[in-house]
Amino acid sequence: MVDKPSLCMITQCPSLSPIQVNFMACQLFALAAAFWFRLYLSPRHASPLFRHAVATLLGTAFLIFCFGWYSMHILTVVFASYVIIIKADINNVHRYCMVMAMGYLTVCQVNRVIVFNYGILSTDFSGPLMIITQKITTLAFQLHDGKAEERIYAKKQHRPSLIEYLSYNLNFLSILVGPCSNYTDYIDFIEGRHISRRLRHHSGTCNGQNGYDMTPEPSPLNAVCRKLLICCGCMLFFLIVTRSLPIIYNVDPHFVANAPFLTRLTYAFFSIQAARPKFYFAWTLADAVNNAAGYGFLGMDENGKPSWDLICNLNILGIETATSFKTFIDNWNIQTGIWLKTVCYDRAPRHRLPLTFVLSALWHGVYPGYYFTFLTAIPITMAARAMRKSIRHFFLGSRGVKLGYDIITWAATQLAICYTVMPFLLLAVEPTLVYYRYVIPTLTSAFLSEIHERYMYNCFSVGQNTFSKLYI
């Protein structure tokens with residue numbers, strides 16, 4: 001039985017909790033520290049060892065400040081995984097790290113459900129532990145695949161050093177929210193090669209024999225300011241709109257018993273829309289923190305302007321205008337999608353899509369709502385693929401027809417999201433079943449009723465014609 005007061009506390013908390021206040025304070029401090037890190041601890045002014053040490057110490061301090069003794073869980077899994085990285089055979093290191101990291105994460109997630117009974121807020125220590133799990137397994141798979149060998153073997157090492165490993169996992173830029181990034185990209189950033197390597201792909205940036213080293217690095221200031229403005233908008237939306245549309249109201253007994261179906265469907269749509277800006281805020285702020293430190297440079301765009309979206313975790317426009325379930329997924333939590341593709345989808349010999357969704361559910365936690373969401377996403381994704389492959393080419397003849405097709409598929413995608421994502425937000429079994437019982441069957445019943453009426457009408461017409469032929 002679900003503890004409804006606790007569930008209401010999750011979705012309708014009237015003020016920020018101490019954990020959330022600590023999180024906000026650390027992220028804002030990290031933003032200021034990131035500017036300082038780029039300006040005063042740049043590779044020209046500080047050695048890579050010193051930059052690694054500062055990034056690690058600040059990240060560890062954030063962990064302890066936000067989570068107290070719970071931070072020991074994160075430190076434990078980091079050191080345990082380093083032992084595996086050092087001792088394990090390169091052919092099996094990815095397997096050992098995956099089992100250890102995911103196993104420890106799952107144990108902590110089970111403890112979270114049992115001990116706190118749905119009452120703990122989303123900014124508990126399991127969030128950073130999820131990011132650490134991605135980083136540990138990403139590096140282990142890259143070591144196995146040989147993608148990290150170029151940098152490691154250049155220093156005649158067989159494994160990353162302890163300070164490099166700790167810095168990659170515990171740096172203050174990504175310790176709280178992420179995102180997970182490529183190990184080689186991070187080491188290039190610390191050692192001062194991150195931007196120069198990517199500028200080589202843009203013609204006309206080299207000035208002389210040592211042009212790449214002498215070329216002024218593009219400033220991330222514009223990108224940081226733009227992302228901070230997005231954060232401000234998301235925060236205002238959260239404070240004004242999100243709290244007036246609580247998710248739990250979708251399964252309120254009075255609401256589901258008395259509100260018309262269209263009213264319930266409309267509220268489900270807008271409440272899910274309103275739940276997104278808190279994720280937009282957290283991920284965009286994390287991206288801005290990394291950019292402020294000089295990390296996340298993607299290269300020069302088609303207009304010759306610097307792009308700082310290398311480790312961007314979402315595309316808001318792509319999410320809100322998605323015309324397929326896959327497009328929505330591809331633009332949401334992008335770095336996690338890359339991680340799932342790297343460690344599961346590209347490696348599974350068969351049933352790649354189901355296995356990837358199951359891994360995603362397991363990584364998110366053990367709340368039943370996660371499994372409702374990701375297991376129902378499997379047939380929806382497969383059906384959407386088949387439909388798009390079968391009929392989309394019929395609607396590409398003119399811009400008007402394609403626009404109509406896009407509008408219809410956008411609406412269908414939003415309905416699919418209302419069906420699939422709601423359990424993810426409700427978390428527990430009972431409210432999820434209430435939602436399925438009172439919202440989804442109504443839509444299904446209306447559809448089946450229409451089919452039944454048409455079937456009976458056709459049968460009646462056929463019967464009349466047969467009667468006329470036989471007796472008239």
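A residue here counts as buried under 20% relative accessible area, as exposed over 50%, and as partly exposed in between. Please keep in mind that this is a predicted model.

With those cut-offs, F29, at 47% relative accessibility, counts as partly exposed, whereas F62, with a relative accessible area of 5%, is buried.

The structure holds 32 aromatic pairs, and F29 with F62 is one of them: the ring centres are 5.9 Å apart and the planes stand at 80 degrees, so we call the pair edge-to-face. Because F29 lies in helix α2 and F62 in helix α3, this pair ties together parts that are 33 residues apart in sequence.

A second pair, Y370 with F424, is tilted, with 4.7 Å from centre to centre and 40 degrees between the planes. Y370 belongs to helix α20 and F424 to helix α21, so here the parts tied together are 54 residues apart in sequence, and both Y370 and F424 are buried.

Ring pairs also link residues into a cluster, which includes F29, F62, Y168 and F189. Over the ring of F189 sits the charged end of R51, 5.1 Å from the ring centre, while the charged end of K135 sits over the ring of Y168, 5.8 Å from its centre.

Finally, we turn to helix α14, where 11 of the 15 residues are buried, among them F261, Y267 and F269. At 1.5 Å a residue, α14 should span 21 Å, and its end C-alpha atoms are 21 Å apart, which agrees.

Key:
Residues are numbered from 1 along each chain as its sequence is written. This is a predicted model: local features need pLDDT of at least 70, side-chain atom pairs count only at pLDDT 80 or more; totals for chains, interfaces and linings use all residues. Side-chain values use heavy atoms; hydrogens and water are left out. Helices (H or I, at least four residues) and strands (E, at least two) are DSSP runs, numbered from the N terminus. The expected span of a helix is 1.5 Å times one less than its number of residues. Buried means under 20% relative accessible area, exposed over 50%, partly exposed in between (1.4 Å probe, protein chains only). Rings of Phe, Tyr and Trp (its six-membered ring) pair if their centres lie within 6.5 Å; planes under 30 degrees apart count as stacked, over 60 as edge-to-face and the rest as tilted. A charge sits over a ring if NZ of Lys or CZ of Arg is within 6 Å of the ring centre and within 35 degrees of the ring normal.
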